[in-house]
Structure formats: C-alpha cells, structure tokens
Amino acid sequence: FEYFCLIYLSSLIVMEEIEHLLHRPNVNPKAQYYGICCLTQLLLDGTKPDLANRLIKIYFSFFKASVKKGEVDTKMVSALLTGVNRAYPFAKVSHEGMEEHKESLYKIIHVSSNFNVAMHALMLLYQVQGEAEAEDRYYSTFYR
C-alpha cells in the first residue's frame, strides 16, 4: 500500500512540474511536446480518478492555449489526443464537461490532413458519446 501511495504522490509532483513547464512563456515547442509525451506515460488506474481528471484538464487547457497562438502542430495534437484517449477511461469526467470540447475535436478531424490525428479524435469522440449515443454527425465524419 505504501508503495502505491508513493507512486501516486510522485506522479502528482511530476505532473505539476510538467504543467508549470508547459505554461511558462518562451518555452521551446520541443520541450512542450516532450512534456506532453511524458505526461501520457504516467501510470493510471481506476482507484485514483482525480489524477486522470487533472491530466485531461491539462491536455485540453494546453490544446486551447496552442490554438489561440495559432501554432497547432500535428505531432503535438497527436500526443494530446493520445493522452486524452489514455486517461479518459480512468477519469470521472461529466459528459457536460466533455461536450464543450466536442466541437474542437470535430474541427481537428476536418482540418487535419494527418490520418492518425483524425483517428485519435474519432476514438475520443466515440468514447465520449458512447455507442448508444453516437450521432449522425459522428458517423458522417467517420465515413468521410
């Protein structure tokens, strides 16, 4: 039990420090990319959903910040979507909280020329909506 508490606390500390690095001014985009990649490798489980919730918030806040700058890199978007796809099953995120991000995910799919980025965004949309709630918009985007 002490071992798992130590891993959890160290994951929180690492996550906080990487978050500070990501939002610092004048940070090299490569450093931001590798910070996101490091966050995607944190160990997650169902016992600590707050860690996954916080990771999802970090991913989407960084995505919004990079979109505002107008400097969206396909490698970065792919890493962000990989992290969200990986953290979402362990998180306790309300569907209302994810509803605000759906539109930006659809924009990523339509704008992106990278097949992998589009597939990551579609996988996330499918997880968020669920199989029963999948909309016509989702399927038309999927088949396009």
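Visitor: Why is phenylalanine 142 called partly exposed?

Guide: Happy to start there, and please keep in mind that this is a predicted model. Phenylalanine 142 has a relative accessible area of 38%. Buried means under 20% and exposed means over 50%, so phenylalanine 142, at 38%, counts as partly exposed.

Visitor: What makes Tyr126, Tyr139, Phe142 and Tyr143 a nonpolar patch?

Guide: A patch takes residues with over 30% relative accessible area and no salt bridge, and nonpolar side chains are joined within 5 Å. Phe142 has 38%, which is over the 30% needed. Together Tyr126, Tyr139, Phe142 and Tyr143 have about 430 Å² of accessible area.

Visitor: Which helix gives the most to the nonpolar patch?

Guide: That is helix H7, residues 136-143, with three residues. Phenylalanine 142 lies in helix H7.

Visitor: How do you know that arginine 54 forms a salt bridge with glutamate 16?

Guide: The closest N and O atoms of arginine 54 and glutamate 16 are 3.4 Å apart. The cut-off is 4 Å, so the pair qualifies as a salt bridge. Arginine 54 lies in helix H3 (residues 49-69) and glutamate 16 in helix H1 (residues 2-22), so this pair ties together parts that are 38 residues apart in sequence.

Visitor: What makes arginine 54 and glutamate 19 a salt bridge?

Guide: Here the closest N and O atoms are 3.3 Å apart, and that is within the 4 Å limit. The pair links distant parts of the chain, with arginine 54 in helix H3 and glutamate 19 in helix H1, 35 residues apart. Salt bridges that share partners join Glu16, Glu19 and Arg54 into one network. A search of the whole structure finds two salt bridges.

Visitor: Why does glutamate 19 count as partly exposed?

Guide: Its relative accessible area is 22%, and buried would need a value under 20%. Arginine 54 is partly exposed at 31% relative accessibility, and glutamate 16 is partly exposed at 31%.

Visitor: How do you know that the charged end of lysine 75 sits over the ring of tyrosine 33?

Guide: The charged end of lysine 75 is 4.8 Å from the centre of that ring. The distance limit is 6 Å, and there is an angle limit of 35 degrees from the ring normal as well.

Visitor: And which elements does the protein have, helices or strands?

Guide: The protein has seven helices and zero strands. Of its 144 residues, 40% count as buried.

Technical notes
Residues numbered from 1 in each chain as written. Predicted model: local features only at pLDDT ≥ 70, side-chain atom pairs only at ≥ 80, totals over all residues. Heavy atoms only, no water. Helix = DSSP H or I, 4+ residues; strand = E, 2+ residues; numbered from the N terminus. Buried < 20%, exposed > 50% of the residue type's maximum accessible area, 1.4 Å probe, protein only. Patch = residues over 30% accessible without salt bridge, like charges linked within 9 Å, V, L, I, M, F, W, Y side chains within 5 Å. Areas by Shrake-Rupley, 256 points an atom, 1.4 Å probe, with all protein chains shown as cover. Salt bridge = Lys/Arg side-chain N within 4 Å of Asp/Glu carboxyl O.
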